[in-house]
Amino acid sequence: MKITLWGTRGSLPSPGPETVRYGGNTSCVEVRSNDGTLLVLDAGTGIRRLGNVIEPDIVRIDILLTHLHMDHIQGFGFFGPLFRPGLDVHVYGPPSTTHDLRTRLTKYLSPPLFPVRLRDLPARLSLHDVPMEPFSVNGLRIEASLISHPGPTVGYRISDRSGTLAYMPDHEPALGVEKFPLPADWTSGTALAAGADLLIHDSQYTLWEYADHVGWGHSAIEHAVAFAAVAKVKRLLTFHHDPGHSDEMVDRMEQAVRTQPLPFELITGREDATFKIG
Amino acid sequence: MTQKQIEIILMRQLASYLALPIFIVDPQGNLIFFNEPAEALLGRTFDEAGEMPMSEWSTIFEQSDEHGNPLLPDELPLVKALKTRRPAYRALRIMGLDGVPRRLEVTAYPLEGQGGRLLGAAALFWMLDHE
């Protein structure tokens with residue numbers, strides 16, 4: 001599997017000289033299997049640039065949405081391949097208890113918030129309420145599971161013969177836990193992340209900032225580190241950087257958690273970075 | 001790596017902050033958590049008691065009705081809520097694990113997630129002896 005980060009920012013696109021190194025686009029990750037299968041994780045503003053480099057002869061794209069907060073769908077309508085007639089695009093995302101994915105997604109992707117309706121897109125679009133049982137896209141095995149974040153939100157575990165990627169860009173496993181973490185079986189997301197070769201995880205806040213944002217659905221970088229240790233991952237990639245954090249601030253957050261020995265490799269998520277699994 | 005369903009994890013976290021005694025069971029009826037206010041009522045801490053199968057918790061407290069007649073497990077609100085997937089209520093008596101008899105009202109409700117997944121059930125207790 002090859003993984004490319006097209007957007008690492010959380011909450012709001014944050015372009016500018018102070019965010020140029022880690023990037024200002026919101027969540028979007030490209031996953032390519034060895035046989036060329038393309039998964040796109042979330043449709044934040046980073047998906048626009050990804051759309052520019054997708055080969056013209058591709059016949060199918062699968063987009064996996066973790067949830068429908070704006071920073072995870074804002075780029076959807078600007079994904080160039082959606083305007084290619086005949087291209088099969090499958091979109092997966094969580095339904096709510098009362099509305100399916102299509103109903104929820106069209107609240108944004110319809111006038112007056114967006115000029116083009118889903119049904120008017122030239123690509124052949126198929127929307128799926130993400131199954132809670134494992135499913136496959138070509139050779140990739142995908143597991144989705146609800147995780148701790150306001151509103152229906154899933155994380156993904158994507159595996160093939162080469163290894164496993166876990167993706168939880170918006171996740172607050174420390175919510176309500178006095179001394180985080182609890183044992184693995186009482187910690188949100190551990191089943192998805194267990195032993196992953198690469199975990200992409202929410203690391204939006206410092207611990208001080210988290211104290212003022214409990215229940216907002218995000219993690220302090222210290223929580224992400226503790227979670228990765230409980231889940232016994234091999235690499236932790238910090239993600240969903242706060243829009244108010246400059247590159248220097250993101251650097252300082254990484255340095256702060258490096259003061260202790262870590263049982264995994266720690267990587268700060270940076271737009272355009274690529275990783276190989278296997 | 002096994003993990004409880006997120007709804008159950010959040011239910012435990014909510015229960016741990018509430019002053020009402022709360023019991024949580026999984027879909028098989030195994031007692032998987034009770035909070036500190038419930039510890040006072042049941043006469044044992046959760047750390048001491050640990051998880052408990054339904055066959056144990058449904059009898060260990062010697063549950064009886066308001067007149068002292070023993071209750072079968074299926075007559076307990078929590079078991080009813082789990083099996084019928086509907087809320088259930090009744091007044092009953094228990095013998096705490098500290099040997100103290102107590103009169104309670106119990107309201108139990110099933111925990112059902114998206115897609116009709118039965119996640120377990122929860123029960124709230126109200127101590128009548130304090131009224």
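How many bridges join strand S1 of chain A to strand S2 of chain A, and in which sense do the two strands run? In this predicted model, in which local features need pLDDT of at least 70, side-chain atom pairs count only at pLDDT 80 or more, and totals for chains, interfaces and linings use all residues, strand S1 (residues 2-7) and strand S2 (residues 28-32) of chain A run antiparallel and are joined by five bridges. Residues are numbered from 1 along each chain as its sequence is written, while chains are lettered from A and ligands numbered from 1 in the order in which they are written. Within this pair, Leu5(A) has Val29(A) of S2(A) as its bridge partner.

Chain A contains seven helices and 14 strands, where helices (H or I, at least four residues) and strands (E, at least two) are DSSP runs numbered from the N terminus. Seven of the strands form an open sheet of mixed pairing, in the order S6-S5-S4-S3-S2-S1-S14, two strands being paired if DSSP finds at least two bridges between them. Strand S6 (124-129) and strand S14 (274-276) of chain A each have a single partner strand and stand at the edges, so one side of each is left without a neighbour in the sheet. From one strand to the next, the twist averages 20 degrees, with axes fitted as lines to C-alpha atoms and angles running from 0 to 180 degrees between N-to-C directions.

Further antiparallel pairing involves strand S8 (residues 140-146) of chain A, which is linked to strand S7 (residues 135-137) of chain A over three bridges, and to strand S9 (residues 154-160) of chain A over six bridges. Phe135(A) lies opposite Ile142(A) in S8(A), and Ser145(A) lies opposite Gly155(A) in S9(A). The hairpin of S7(A) and S8(A) has two residues between the strands, and in this hairpin Asn138(A) takes a positive phi near 50 degrees.

As to the chain as a whole, 47% of the 278 residues in chain A are buried, that is, with 20 or more other C-beta atoms, placed from the backbone, within 10 Å of their own. Among contacts in chain A between residues at least 6 apart in sequence, 67% join residues at least 24 apart, a contact requiring that the C-beta atoms of two residues, placed from the backbone, lie within 7 Å. The contact between the two chains takes 18 residues from chain A and 14 residues from chain B.

Notes
Buried ≥ 20, exposed ≤ 12 C-beta atoms within 10 Å, placed from the backbone.
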